[in-house]
Structures are given as C-alpha cells and as structure tokens.
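Here's a quick briefing to keep beside you while you turn the model around on screen. Have a look first, then read on.

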Amino acid sequence: MAESKPVSVVVIGGLAATVGAFAPTLYERASLLVRRVDFRAVATVEPPSVVWLLNPSQQVVPFRGRDAELRQLSAWCADRRSAVVHLVFAPGGFGKTRLALRLRDELIGRGWQCVFVRPGGEGQAAQEVTSDRAPGRLLLVVDYAESRAPGGLAQLLAAASLRRVDRVRVLLLARTAGPWWTTLSATVHEHAALLDALTGDRRNLTALGARIDARLPAEVVAHAAEVFGRKLKRPVPADIENRRYPGGAPVLRLHAAALVAVLGGSAEGYGRGDVLEEVLGHERRYWRASANRQRIELPADETEADALLARVVGVAALFGADDEQGVVDLVGRALPGMAGGGAEVAYVPAAHVRWVRWLRGLYPADDNLAAGRLGTLQPDLLAEHLAVEVLAACTVAQRETLFRGLAVGQAVQALTLLGRAAAGHAGADDADVDGLIREALAADVPTMAEAVVQVAVQFPGRYASRMAKLLSERPPPELGWLRDLARRVPYPSLELHWLALALTTLITSNDTADAAADRASWRNWHVLRLTEAGRRVEALSTSSEAVDLDRGLVQVNRDAYLPDLAGSVNNHANLLAMMGRPAEALSTSSEAVDLHRELVQVNRDAYLPDLAGSVNNHALRLAAMGRRAEALATSTEAVQLRRELAQRNRDAHLPDLAGSVSNQAVLLAEAGRRAEAVSTSSEAVDLFQELVQVNRDAYLPDLAMSVNNHALRLAAMGRPDEALTISAEAVQLRRELAQLNRDAYLPNLATSVNNHANRLAEADRPDEALTISTEAVKLRRELAQLNRDAHLPDLAMSVNNHALRLAAMGRPDEALTISAEAVKLRRELAQLNRQAYLPDLAGSVNNHAQRLAEAGRRAEALSTNAEAVDLFRELVQVNRDAYLPDLAKCLWTAGWMRLMLQDPEQGPIAIEATTEALRIYTDLATTEPEVFASLRDATAKALNQLTEQ
C-alpha cells in the first residue's frame, strides 16, 4: 500500500555508499531513478530504512568519547606482557561495538590485522591463530561473547595464549561478566589453570558506563541529529539542545532520540513513550513499501498491515534462520492466524515465496554471519523491543504455536533475546517479559531444556530452576534423551544443579529395565546431584542402592567393576559422615581405601587420584572418631599424594590439593601445632582463591570453607584483628551461598556465624557478639530439628558459646540456664563417643563452673570445676600438645573462682592451681610467645593478687 503523503528521501546515489548492505539492489536503484526522471511530477518516492543509521557497523555518527577506555585498550595491545584477552562489558546500547571498531581502525593504522570472529567461528579462529599463516600482530574481536559456545571460546583463548610469535589479542564484548565468563575453564580441562588465570584477573575486565564523555546528553543528541539531518536532507529542530534527556541513558537511545527528532518526532525529549518504538514507527513505512514492491497482499487497514509486517520481522529477530529452508519455515511459523482483526493471509506457495523474498531482502546479512543465515533487524535493542512487542500482542495460543517445534539453535536464540530483554526491560508498555519466558519454556519442554543448558549461565536465576520444575511436571518419555542431556550439565554448578537433579531423578525413577551397571552408574550421579542440592537423606539411600548394585557386579567380574565399587563405597562413607554416623563412615571409608590401594597396585597412574581422594576422606573420618594422631598421619599421606599429582598436571589436580591442604590445617590445629596450622591454612586459602578466579560457580563453597577455617587458625595464634576480618568475609561468602541454596549451605552458614560471634567477643564487641550468637543458636536449632544426629554437636557448640556471650553482657541467670543445656548436650554426645566429644564436654563443664560461681552457688561451682580439671588432665595424657593450654585455662579458672568466692579455706588451693597454670603458660610461651606470653603475664598478676590476700 502506497504512503498517503509524500516523504523526503536522500538522493539514491548518495545513499548507496552509506547504506552498504541495506541499500536497494542495483535493479531497484535503477528503477527508482527511471521513475524519478520520467514521473517526477507525480511519483511518490518509496521511503528507505532508517534503522541502518543507528547500526554501529555503519558508523554513521562520528565516534566521540571513550578516551580513557581507548587508551587502556591501546596500551593492552601494545604491551607484550599483557594478557591475551580483555573483556569489555556493558548493557545493550552502551557503545561496545563502536569502541571495538574505533580500536580496530587505530590498530590497522599501526600495521595490525583485525578480524571480527563470526558466531560459530571460534574453533576455526583458534586453528588459524596457531598456524604459520597468522599475522604477527592480530586483534580478534568476539562480539556477544556470552552467547558463544563456551568450548569454542575457551579453545580460542587458550590457542591465543599459547601462541609465542609477536602479539595476538582477543577482545570480547558482552553485556555481563557473569558465570559464562568465570566458568570457561570447565570446558577445556587441559588448559583450565590458564583460563582460570585469564578470567579471574580483574585487570582483564572493563565495565563501560553509560556516559561516553563529558558532554551532556542533550549535546550528544544534538551532535547526532546534525549528522542525521545531513544524511536525510532534513532540518534539525532548533530547540533540540533544550530538550531533556535522562542522564544515564545509553548512547544508542540518545542517538535514537536524535533520529526521531530529525524525522519529525515529538518535542518531548525522549519522545512519545519509548524512543525505540518511535524509531520502529518510522521503519514500518519501509517495511510496507518494500512489501508492496514484492506484491505481498496486505490487509486494507494500515494498522493491521503494519502489525502483520512487524510480526514477521519480530519473529525473524526472535528465532533467526540458518538457511533458505529455515527462512521458509520461519515465514510459515509467523503467518498462520496472526493477521489480526480477523483477516487471514492466504497461505499459498506463490504468496509464501513473496514473503520469503521480502524478508530476505529487508535486512541482508552482513559478512560476519555464516553463509545463508538470515539477516535481521539491527541494532539488537530494537530487535529485542520489537520481538517482545510482537509476542505481547499475540494470544497465549499463538505464542504456544510459535515456540513449538523449534530447532535447538532457534530456541537458544529466543531465550537469549528474551533474557536480554528481561534484563533491560525491553518492550512496549513494560510487557511482562518474565511471563513470556515462562510460556516459551512450557511450550516445548525437551527443546527448551536443551537450550536452557546452553544459555542459563548467561542469565543467573532466570532459566534453570524454572526448567527443572517443568521437567518434573512434564517429564519427557525418552530415557536416552534424559541421559544425554544430564551428561551435558556441568558438575558442580550453582546455576544448573536443580536442572541436573531433575534429570537424574527422572532417570533413576524410570530405569528398572536397564542393566545393573547402568543403574549403578546413574545412581552415583544422582547421589552427587542430591548432595549438591543439600538433600542428604535421599542421597544416602540412593548411595546404598549404588553400593549394593556394584557389589553384585564385582562378584560377577571383579576386574571390570572394582573401580566402580571403590568409588561408590568412598561416596557412601562421605554421606554417612554428613548424616552424623561417624562409626559407620569410618568402617566404610577404610574399605574404600583398601579397594583403591588394590587398584593402584594394578595401575598406579590410572588410580592414584582415586586413592588420594579416599585417603583424604579417611583422614576426616578418623578425626571425627577422635583418633587424631592417625588422622594427621593419614592426612599427611593424602597431601603428599596430591602434591605428586599436581606436579604432573596442576590444572587437573589443583582443586583436590587445595582440599587436602585445607584438611591438613584443621588436623594440625587439633594436634596443637598451631603455627604449622596457620601457614597451611593460609596456603589453602590461596589455592582456593586461585580456583575461584577461574570458576567462581564451582569453587565458591570451598573458598568459603577455607576462609572460615583460616579465621579459626588466626584466632588460635592470638591474632584477633586479622581473625575478625577474615571471619566477617567467611560469613559474607556463606550468606551468598545460602541465598542460592538454603538447604545445602545453611549448616555452613551456621558454622561461620557461630565462629564470627566468638571473634567479635574477642574484639571486645559484646553487643554484636551476642546478636550474632543468638542467630547461630537459632540456625542450629532449626538444623537439629531436621536431623538431630547430624547437627547435635554443632548445636551443643553454639549453645555453649551463647552462654559465654550472655555472661559477658551481665545476664547471669540466662547464661547459667544456657550453660547447663550445653553441658547436658555434650554429656549426651560423650556417651555416644567419649573419645570424640570428651574435649568439648571438658570445655563446657569448665564454663559451667564459672556460671555457677557467678550465681553464688559455691559448692556446685567448686565441684564442677574439679570435674573439668580432671577431664582436661585425662585429655593431656592422650595429647599433651593439643590440650595443655586448655588445662592451664581450667586451672586459672579454679584460682579465679576461689578468689571470687572469698573463702579463706580455698586460698591455698587457689594458689596451687594458679601456680600450676603459670608454670604451664611459661613453658608454652617459650615456644609460642605470640600466643601465650600475654596469658602468662595475666596469670602471674592473678597469682600475686592471691598471694597478697
């Protein structure tokens, strides 16, 4: 349908050089010129596309600003010592592509070769980088890096890093620097450490702000409007610099506002509604004119015609097409039943071909896309806006039809676009993008599930948990498909673990007809996913099934299935420990070690990693049963084995080494070797920080654990200020984890909160210490209600500490009640395992004696203190280094209580106890003065007071 009023256009010849891929074809250009010459008086000239003026690749508005960022990137390229990769990230429309193009132009002037890597071309680029044909100075630009296949992108970064000839630089452009970036190393294990070092270094990141330079937004708009006015032969509104524009508006929206102003848009600064919608309003005239040229039959009503054309363009932007058949299918997907107002498009071959030809010619693909791929509306913010607008205008049934039967690649593109739109709130009238996402996922669960595995890390919290719920509600029937998808979900993963658990749940619930080996294997995978989700009771039951299945297989063929049995037994021991069954865990762990030693004798290289893992775990089991000397010796073996493995392949074995070093620090502390414990704990923190820089998603829980433990080690060495700072960091990390998965990380959060209360008390901040201690007790009561056996020791600890906090705040009655509860809980534990829980009982008894003394209950206080001294003397006989400081503290308490009770008959006993405490502290201060010198001096002062009285 022709325009109802004439419009002004640029001279076609002048437009061609600027439009490039968006220019009319040679035949169309000639036709227009002929019509203009022959029928100048009566012709209505067809409107051109206007969105090309905003396309960053066209560089219509001269580049200005970003001076600091350009200097930074230029220096990065010039410095041979710089990292090979740099990531520039910002929301859509902030000018990332223009910045990259400007850098490209500058580098070309210095003799560099610069290439924009097309989507899917990362693997080929990696090969070219390492070939002899590669130039000496090469810049590779990867736009939309977050949407690229992680494996290909990781390969490219590794190849560029390993190239030794001159300089290769890889510039990544993305909207975020989230898990997609930090988990790249998980896809290329042989280069994991290298990639971790690249992605973990904050110097390799640049976040763009909205403001490109010191100019006001109105000045940016005025400059762009002047350029657009010259291009379109239109006047620039005289008041354009007086209009108001948001201070944080991205440059694309400011340029869009300029374009709308030149085209005759509203004088209200940003225009009527959204400025992007106004740009699309002008673009609709181009769609209509080009459709008329293709003789496409449109509804007579202009509004309906525009809506139909917009739907086809929007659906094309949403799904894309890789080849000619894909474009044909795309048109068929967009047209049926979507004309609006009751009008239907005749679906006949000739009409269909015209629609395909129209869509192909509307926005021809640029050279950066794969051959045959459909070009779509650009810039992307416009495409996102239009796609959301089109979907919002459809009925629920129409949207369901649109999202069914997609290729996985199309589903990936759709979820990527909708995810970006949701993050940027794209769409007319604030359409419910989240609601559109829910409908898209539900329309075709199997296809969308495969897409979610690929895109979820780009959009944390948006896709994975929703798809997990859908899989549980609408399980696909094919077990083979479920297994294939489950294998593709990385382990571990904070973002995808619920989806992985949904898959393994479906697999293990429906595999009764499978071979025993397959059932055992998938139960072991299910155990990992259940544990990752914090569902330990179910994990233990499933683990028992896996062990039984593997035992049966070993009886049939020991050589073939012994490795599987050893792994299952090792996992089962860990779960028993988590569930508070330490005796069973120890015997099971011992079996795992024996099985792995048998395997190592057959093939050391193949099974040494598994042996190291089972030995490491066995050390923990021994410690839990109070057999600390054996635990330390076993832990030392585990560290030695893992250092050997890390020397062979650091990338592969660094996580395991970090875990063993962390465990060793704990056991050294329990053995009273405090200085060694601090240095070992510090090493563990360093190792886990290195790992988190590579893959935060996977290793954040381990870092939180090592930071928590390091704070304990520092406190034990008498370094309270450092301990408090590190403890606060541990709490912060574990709150972050608990927000992601409360069931899995609540026990760890409770531990860190409990410890932090102690550190606050040591820093003489009693009010804060009491508040935090109250939270710790509350958390641990909650956990004990869920599983008393597993969490009773921790509850007893928090209750014991809370009594100390109440006493420090001058609340003796409450402190005495809570202290009595702590003693009761620890007597219960000591009855179950005296060797493991005797140290804790002795501490609580000693503390309770002090509370009784403060309450004036003299006889009970003295008898309770005497019991505590006896308990610590028993412990010193077992491990002098570990418990001698506790005995000294208990003896000091004995002297203090007798002094406080003001009983003359107790004076000699008080002096005797304090003298022994002083002797112990004096001996300890000889070897560890930084810890015990102050205690020695305080005890000497107390002894003088007793002697004077």
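Is D764 buried or exposed, going by its relative accessibility? D764 counts as exposed, at 63% relative accessibility; the cut-offs are under 20% relative accessible area for buried, over 50% for exposed and partly exposed in between, using a 1.4 Å probe and protein chains only.

Before going further, some ground rules. This is a predicted model, in which local features need pLDDT of at least 70 and side-chain atom pairs count only at pLDDT 80 or more, while totals for chains, interfaces and linings use all residues. Residues are numbered from 1 along each chain as its sequence is written, and side-chain values use heavy atoms, with hydrogens and water left out.

**The big picture**

- The protein has 41 helices and five strands, where helices (H or I, at least four residues) and strands (E, at least two) are DSSP runs numbered from the N terminus.
- Along the principal axes, the C-alpha atoms fill a box of roughly 125 × 70 × 60 Å.
- Of the 949 residues, 56% count as buried.
- Take the contacts (heavy atoms within 4.5 Å) between residues at least 6 apart in sequence: 71% of them join residues at least 24 apart.

- Most residues other than glycine have a negative phi, and most peptide bonds are trans.
- R295 isn't a glycine either, yet has a positive phi of about 60°. R295 lies in the loop between α11 (275-293) and α12 (302-319), and counts as exposed at 61% relative accessibility.
- Q378 and P379 are joined by a cis peptide bond, with omega at about -5°. P379 is in the loop between α14 (349-362) and α15 (380-393).

**Nonpolar cores**

- In soluble globular proteins, nonpolar side chains tend to be buried together.
- A nonpolar core here is a set of buried Ala, Val, Leu, Ile, Met, Phe, Trp, Tyr and Cys residues joined through side-chain atoms within 4.5 Å.
- The largest nonpolar core has 121 residues, and those with the most contacts inside it are W287, W358, F403 and L418. The helix that gives the most to this core is α12, with 11 residues.
- Apart from that core lies another, of 33 residues, with L714, A723, A830 and V931 among them.
- Which residues does W358 contact, leaving aside its neighbours within four places in sequence? They are W287, S290, A291, Q294, I296, L309, V312 and V313.

**The β1 strand**

- Five of the five residues of β1 (residues 85-89) are buried.
- In a regular strand the side chains alternate between the two faces of the sheet.
- In β1, V85, L87 and F89 point one way and H86 and V88 the other way, all of them buried.
- β1 runs parallel to β4 (residues 167-174), joined by five bridges; strands count as paired if DSSP finds at least two bridges between them. The β4 bridge partner of F89 is A174.
- β1 also runs parallel to β5 (residues 205-207), with three bridges, and V88 has T206 as its bridge partner there.

- R284 sits in helix α11 and is buried, with a relative accessible area of 12%. Beyond its neighbours within four places in sequence, R284 is in contact with E277, D306, A310, L386 and E389.
- E874 is in helix α38 (residues 858-878) and is partly exposed, at 35% relative accessible area. Not counting residues up to four places away in sequence, E874 touches R834 and L838.
- E874 and A177 are 697 residues apart in sequence and 56 Å apart in space, C-alpha to C-alpha.
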